[in-house]
Amino acid sequence: MRAQHYFASELLIGLIVLGLGCGGTLKTGTAKKPDNNKPAADGTCPSGQSLCGIGVFAICVDLQNDPNHCGTCGGTCSPGIACQAGLCQQTVCSGVVSFSSQSGTSPSDASSQPGGLLPFNLLADVNGDGRLDLVDWQIGRSGLHSSTFRVSLGQPGGGFATPDTYHSAFEMSSISAMDVNADGMDDLLVFSTADYTAPPSRVEVWLGHSDGHLTLSSATDVSGMTNPIAVGDLSGDGWPDLVTPPTYSQEELSVYLSDSTGALHLSKTYATGVTSAIYIADWNGDGSPDLVVMGSSVVILYNRGDGTFEQPVDCGVSFPNMMGAPYVVADFNHDGRMDLAVGVEGGSVSSNASIGVILGLGACAFTSISYYDLGGSMAPILRAADMNGDGQLDLVCLTQELSFGPNYPNDPSAVTTDNFMAVLLGNPDGTFQLQDALLSLGPDSSWDLAIGEVSGDQRPDIVISTLAGQSETWGNTCQ
């Protein structure tokens with residue numbers, strides 16, 4: 001528990017984004033109706049496409065070329081990996097997953113930024129060329145925030161071009177990527193606020209274009225602030241909907257459903273009693289996405305099949321140090337049930353940081369928790385991807401080793417002595433195995449990571465943001 005107060009406060013800052021005021025409408029800047037991939041009235045699909053999903057969520061997909069349904073419904077390729085002839089075109093390796101440092105980029109305005117800014121990043125294809133682009137930004141601690149974000153286009157031979165810098169009207173909290181106008185290019189939803197203690201807040205939609213430049217499509221003032229939003233098609237109409245999770249002052253989530261123009265309208269609020277992150281996943285396997293809220297417990301809201309939800313079900317299960325921890329919600333053992341992984345800080349179950357995994361058995365039933373010891377002391381940043389091409393989800397994590405002074409806990413200040421990156425390879429039964437050695441990244445604190453194919457070799461790579469203001473690419477060299 002020695003680092004809990006330090007990490008929880010920093011992670012909370014990293015999680016804060018905007019909520020939408022009750023009764024409000026958010027225009028997402030949608031330009032046209034999405035491509036019609038719904039089956040015909042008799043349930044059939046055009047030649048060359050297959051039916052995936054159930055009821056209003058049924059869609060027609062090309063299993064030969066769709067990276068989100070490659071070879072089979074829900075057969076997702078790793079980010080940036082193409083699907084051809086029903087197979088993910090990922091380089092399969094049988095050895096140890098290893099990495100080599102390839103490049104680092106520093107923000108052009110790093111010298112003018114106030115101290116204490118925390119770096120974040122994501123990978124998205126904003127120009128539709130099939131290569132992942134790097135989006136990075138900074139948010140602050142102690143009231144310091146940035147209003148700028150950068151986009152670095154992915155290059156044909158790997159790596160990223162010189163970034164373009166964009167400015168939001170207010171200081172940013174977070175950025176999400178999705179294709180809001182169905183033109184094949186990812187767009188950015190930038191969340192910002194003029195005053196982090198009071199509304200109004202703002203959602204800006206920046207549309208991606210084939211030349212790689214973004215244009216501001218809409219900016220909508222909203223009220224309220226909360227933890228990270230979740231975005232997905234909850235009603236089965238092909239448009240992305242939005243969920244704002246509970247706040248500490250108001251423990252209820254709000255569901256906003258889109259209409260045929262792409263505008264979002266408040267549908268209903270649900271009292272959940274927990275105050276942390278939210279995920280969209282088909283928890284009960286009925287073909288419609290449910291809501292999974294992670295906090296002091298695991299709470300499930302089952303989709304009725306139309307974007308409205310049953311009353312929350314509290315599963316009464318929690319991990320150590322669950323509040324504010326990094327999570328992964330995914331089906332690790334391919335049994336059709338969602339499983340959970342969480343980063344656990346050192347001192348909670350062992351002296352080192354660890355990963356806790358529980359496998360779903362249906363409804364609120366789970367296996368017992370399995371812990372995987374990592375080293376380091378901070379609860380790790382956690383992501384899931386198939387790093388070695390064997391068809392199993394692996395876990396990639398970052399953790400820090402902290403050194404406290406002789407007056408701890410009266411003096412809670414700490415120094416980062418090293419950062420570690422670890423890969424836990426997934427097995428078909430949902431268990432994991434930690435590779436032999438952790439990769440030391442040095443004392444320059446690593447804060448966020450994104451996974452995707454950025455080096456041109458058809459292996460998923462890792463892009464890390466550091467507190468020194470750099471984005472470092474670590475190429476996957478697994479053989």
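Ring pairs link Phe149, Tyr166 and Trp206 into a cluster. Rings of Phe, Tyr and Trp (its six-membered ring) are paired here if their centres lie within 6.5 Å; planes under 30 degrees apart count as stacked, over 60 as edge-to-face and the rest as tilted.

The model is predicted, with local features needing pLDDT of at least 70 and side-chain atom pairs counting only at pLDDT 80 or more, while totals for chains, interfaces and linings use all residues. Residues are numbered from 1 along each chain as its sequence is written, and side-chain values use heavy atoms, with hydrogens and water left out.

**Aromatic pairs**

The structure holds nine aromatic pairs. One of them is formed by Tyr372 and Phe432, whose ring centres are 6.0 Å apart and whose planes stand at 85 degrees, so this pair is edge-to-face. It links distant parts of the chain: Tyr372 belongs to strand E30 (residues 370–373) and Phe432 to strand E34 (residues 432–434), 60 residues apart. Strands (E, at least two residues) and helices (H or I, at least four) are DSSP runs, numbered from the N terminus. Tyr372 is buried because its relative accessibility is 13%. Phe432 is also buried, at 6%. In these terms buried means under 20% relative accessible area, exposed over 50%, and partly exposed in between (1.4 Å probe, protein chains only).

**A four-stranded sheet**

Four strands form an open sheet in the order E21-E22-E23-E24, with antiparallel pairing. Its edge strands, E21 (277–281) and E24 (313–314), each pair on one side only. Two strands pair if DSSP finds at least two bridges between them. Strand E22 (residues 290–294) and strand E23 (residues 298–301) run antiparallel and are joined by four bridges. Leu291 has Leu301 in E23 as its bridge partner.

Which residue of strand E23 is Val298, and is Val298 buried or exposed? Strand E23 is given as residues 298–301, and Val298 lies in this strand. With a relative accessible area of 1%, Val298 is buried. The C-alpha atoms of Val298 and Thr272 are separated by 9.9 Å, and the two residues are 26 apart along the chain.

**Positive phi in loops**

Ala85, a residue other than glycine, has a positive phi near 55 degrees. Ala85 sits in the loop between strand E5 (83–84) and strand E6 (87–88), and is exposed, with a relative accessible area of 58%. Gln458 likewise has a positive phi, near 65 degrees, and is not glycine. The loop that holds Gln458 runs between strand E36 (446–452) and strand E37 (461–466). At 25% relative accessibility, Gln458 counts as partly exposed.

**Salt bridges**

The count comes to six salt bridges, a salt bridge being a side-chain nitrogen of Lys or Arg within 4 Å of a carboxyl oxygen of Asp or Glu.

| Asp129 (29%, partly exposed) | Arg131 (30%, partly exposed) | 3.0 Å |
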